Amino acid sequence: MASGRSTLAESLRELYQFSVVDYCMFGAMLILSAACGIYFGFFKRNKGGDSETPESSSSDDESAHRTVTVASGSKRTKTTFGSSTMDEYLLGSRKLKAFPVAMSLVAGYISGVTILGTPAEIYNFGTQYWLIVIPILLMGVAVCTVYLPVFCSLKLNSSYEYLELRFSSSVRSIASVMFVIDELLFLPMIIYVPALAFNQVTGFNLYVIGAIVCVVCIFYTLLGGIKAVVFTDAWQVVVMFISVVVVVIIGTIAIGGPDVIWDRSVEGGRIDFFNFNPSMYERQTFWAVLIGGFFYWTSFNSVNQTMVQRYMSLPNLKKAKLSIAMFTVGMGVFVSVCCYAGLLLYGKYFECDPTTVGLVTTDDQLFPHYVMESVGKLKGIPGLFIAGVFGAALSSLSVVLNSTSAVLLEDILKGLFRVNPSPFVANVFVRGSVVVLGLAAMGCLFIIEKLGGILSVATSLSAIAAGTTCGIFTLGMLVPWSNTKGALFGGVSGALLSGWVSLGSQFAGAAGEIVPHKLPVSIDGCIEDLVTNVTMVNPVYPDESGVFPLYRLSYHWITPIGVTTVLIVGTIVSFLTGPRDLRHIDPELISPVIHRFLPQESFGNFGTASKNCGAAAPVIFCEEMQPHTNIASSSGTPYGTTVERNGQVTKSR
């Protein structure tokens, strides 16, 4: 009878195969992505050396191309690093628009793991995770008020340049190398998970489809740079959203409406928003989601180069804040739709769990299986869904390729090895890096499946890198007396402790000492052929009391541990080794929320550490800091006040 059940499962998969229309939908997504690269690479680009047009120097882009006054009274136009072509490739000449950048931020953050993993999380563990929407909104506030003004004021090409200005080149090098390693581990994950889903619903070779997607992504990123990345992301996120929403709407109507889904979820114990259990060992609690979620989202979105590079592609702080506001709202809506999809999955399978009867083998296959079973007969809908999943993969991959190539140029080649390449060499180096990184992602597809634990380990390492790096940046921006030794000792301590917790819990889980406590499922409603030789028994979980306590912590606490360890150790070591003299610090390196606590003398150093503001115009405050620097100067004029001298408008110092 087991063979009969296997035959039934195979027949179900054969029944819901991709049609010609579905393949056309998926192919159109790939072709349109490649077309974006061709468009921005050949037809929509600034010509190196061309003069500014009136449109490009309009008030909207004033801060990106403003003139500055030097001591001699002459004027010169501020230029960005390398050549204008390189600046356009990596930063879009800092003239991109807020909405497409916001959509790119959404698309870059959402991968196939998000679309497939979030519904499975709700299905297996309930709705407590849905409260992550609150930390997402709080993250937006924190990024706009604490971190973004500093980056926008300094006009950096890489976020890690800040660490050299604030601490030393060694701190910058450690953080940038950690970022590159983290992204190298993350690259194959981006493609592997959606390729696995595509393989499940079509039977198409996993490695072939993964290679095709990698080649398309390399192509348009290589040709069009960040403009192609941003605008491709913008329409890909629309495809993502539409694909999930269409599936959810059709599924909700088919099941009988939201009331049926809610009632079944309540009956199955899936509705739980206020689990106030103080235990840090439980996977999902109110405190873990809110506190851990805030640290996690802030760490990834405040200082990570993949995000900061797109913030810097906008002309000024106002546009950047607007973009982040749209990003946070968009992410909140998208995550909510994915969470609702998890309840929809439970409403569909509340009496016949697909995993128990062997129709799916991993949690990430739940949503694709539902799509093929519920709307598979509607030609084009499965293709739209898979196009959305791969759109998420393409957008994440392109962002990683573009931002990592920028870090390799700015922080590794220029910062670590102190090589100052010509514009041509920089161009070749960056584009070559995109190709090499893309091919590395493609190559890892052939080995990642054979390394069973690499997915979880890579995810853990990402959390370690994000928490540690965010802790160092936060130490620099919010603890003005911190010094280089504090940053180094704090960073090492944070990485070691969070790594100990994260990797230890992964190994304990792999050994079967820790098993996630999933909510109960049922197979009472399955047809007879599916449940033959399947015995439904209550799961027996191992006794975890003997496991080292840190290994039992919920994954939500890994990032907070990393950030707080860096801050505590960094602050203490800075005090013990001689705190920074605040009278001589450049306030531009400190977050505006701390400016009120700085001594008046420090504002005389404004801009001295910045290669853009300090070297070119030490007497001018950057616009992004001006509203926060209202402390009176020695002349009695508030710092940052606009004054007229010899017919020229400057700001007091």
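In which helix is N124 found? Select N124 and you will see that N124 belongs to helix α5, residues 112–125, where helices are DSSP runs (H or I, at least four residues) numbered from the N terminus. This is a predicted model, in which local features need pLDDT of at least 70 and side-chain atom pairs count only at pLDDT 80 or more, while totals for chains, interfaces and linings use all residues. Residues are numbered from 1 along each chain as its sequence is written, and side-chain values use heavy atoms, with hydrogens and water left out.

N124 counts as buried because its relative accessibility is 5%, buried meaning under 20% relative accessible area with a 1.4 Å probe and protein chains only. Leaving aside residues up to four places away in sequence, N124 touches R270, D363, K518 and L519, contact meaning heavy atoms within 4.5 Å.

Next, select C352 and C526, whose sulfur atoms lie 1.9 Å apart in a disulfide (a pair of cysteine sulfur atoms within 2.5 Å). The pair links distant parts of the chain, 174 residues apart, with C352 in the loop between α13 and α14 and C526 in the loop between α18 and α19. The torsion about the S-S bond is about 110°, so this disulfide is right-handed. C352 counts as buried at 16% relative accessibility, and C526 counts as buried at 11%.

Finally, select helix α16, residues 423–448, whose 26 residues should span 38 Å at 1.5 Å a residue, in agreement with end C-alpha atoms 37 Å apart; the expected span is 1.5 Å times one less than the number of residues. Among the buried residues of α16 are N427, V434, G438 and M442.

Terms used. Helix = DSSP H or I, 4+ residues; strand = E, 2+ residues; numbered from the N terminus. Buried < 20%, exposed > 50% of the residue type's maximum accessible area, 1.4 Å probe, protein only.
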